[in-house]
Amino acid sequence: MKTSRDRKAKWLVPFLLFVGIIIDAALPAIFPGAFIGTSQIIISHLVLYYIVTFSFYLRDTNILFYAFIFGLLYESYIATLLGLYATLYFLLAYLIIKLRKFFPKKAFIHFMLFIVAVTIVDFIVFVFYFELGLTNVTITTFLVDRLGPTLIFNVVLAFLLYLPTKQILNWLGFEEYIIF
């Protein structure tokens, strides 16, 4: 069974991360503008959702490699600076791998880790861009116009992805993925 699980995860993880990059680029553009203000920005973090998921549930050490490589691909496709998302995704995957032994394998914990990861990534990217002079947005404007809508959007996205993620994890052999 372990060989089958490893074999399934070996092709499924990169496939989902690649599809996540494509959907991350398209999702905010097709999201109806009626739900957000004119100055608000939504950033989809589907790739980060899958990195958090696979770091939390899989024992495969390749997730660190995948986090870095798909962070680079994400940046080359969406962002302006190369290396920032790759480093952040790698560090978050490493941190989750080290911390997962202290948490039960529950969906609620997974959602909380995802919310914290989105907050950390967006805040560090903002600080990095601000320090380099690539943005002149104040912290208050960032929190209200970007981080707030991004967190709301990604929480809804995580809830919508609960059942597909549960099915994927069950297919990979994890039956203990429950809400509470």
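Phe123 is partly exposed, because its relative accessible area of 36% falls between the 20% and 50% limits. The model is a predicted one, and the values here are computed from it.

Phe123 pairs with Phe142. The ring centres are 6.3 Å apart. The planes stand at 55 degrees, and the pair is tilted. Phe123 belongs to helix H5, while Phe142 belongs to helix H6, so this pair ties together parts that are 19 residues apart in sequence. Phe142 has a relative accessible area of 2%, so this residue is buried under the 20% cut-off.

## The nonpolar surface patch

Which residues form a nonpolar patch on the surface? Phe123 is one of them, along with Val127, Ile139, Leu143 and Val144. Together they have about 390 Å² of accessible area.

Helix H5 (107-131) and helix H6 (139-160) are the elements that give two or more residues to this patch. H6 supplies the largest share, three residues. Val144 is located in helix H6.

How many salt bridges does the count come to? The count is one. It joins Arg146 to Asp122, and the closest N and O atoms are 3.7 Å apart. Side chains of opposite charge can pair when their charged atoms come close.

Are the two partners buried or exposed? Arg146 is buried, because its relative accessible area of 18% is under 20%. Asp122 is buried as well, with a relative accessible area of 0%.

## Aromatic pairs and a charge over a ring

The whole structure holds 16 aromatic pairs. Tyr49 and Tyr50 make one of them. Their ring centres are 5.4 Å apart and their planes meet at 70 degrees, so the pair is edge-to-face. The cut-off for that class is over 60 degrees. Both Tyr49 and Tyr50 are buried.

Ring pairs also build a cluster. Its members are Tyr49, Tyr50, Phe54 and Phe114.

Where does the charged end of Lys105 sit? It sits over the ring of Phe56, 5.2 Å from the ring centre.

## Ile42 in the loop between H1 and H2

Ile42 lies in the loop that runs between helix H1 (2-30) and helix H2 (46-57). Ile42 is buried, because its relative accessible area of 9% is under 20%.

What is Ile42 in contact with, leaving aside neighbours within four places in sequence? The contacts are Pro28, Phe31, Ile36, Pro149, Thr150 and Phe153. Ile42 and Ile152 are 110 residues apart along the chain. Their C-alpha atoms are separated by 9.0 Å.

## Tyr162 in helix H7

Tyr162 is part of helix H7, residues 162-171. Its relative accessibility is 11%, so Tyr162 counts as buried.

How far apart are Tyr162 and Gly37, in sequence and in space? In sequence, 125 residues separate Tyr162 from Gly37. In space, the C-alpha to C-alpha distance is 27 Å.

Definitions and conventions:
Residues are numbered from 1 along each chain as its sequence is written. This is a predicted model: local features need pLDDT of at least 70, side-chain atom pairs count only at pLDDT 80 or more; totals for chains, interfaces and linings use all residues. Side-chain values use heavy atoms; hydrogens and water are left out. Patches are made of residues with over 30% relative accessible area and no salt bridge: like charges are joined within 9 Å, nonpolar side chains (Val, Leu, Ile, Met, Phe, Trp, Tyr) within 5 Å. Accessible areas come from the Shrake-Rupley method with a 1.4 Å probe; for residues, only the protein chains shown count as cover. A salt bridge is a side-chain nitrogen of Lys or Arg within 4 Å of a carboxyl oxygen of Asp or Glu. Helices (H or I, at least four residues) and strands (E, at least two) are DSSP runs, numbered from the N terminus. Rings of Phe, Tyr and Trp (its six-membered ring) pair if their centres lie within 6.5 Å; planes under 30 degrees apart count as stacked, over 60 as edge-to-face and the rest as tilted. Buried means under 20% relative accessible area, exposed over 50%, partly exposed in between (1.4 Å probe, protein chains only). A charge sits over a ring if NZ of Lys or CZ of Arg is within 6 Å of the ring centre and within 35 degrees of the ring normal. Contact means heavy atoms within 4.5 Å.
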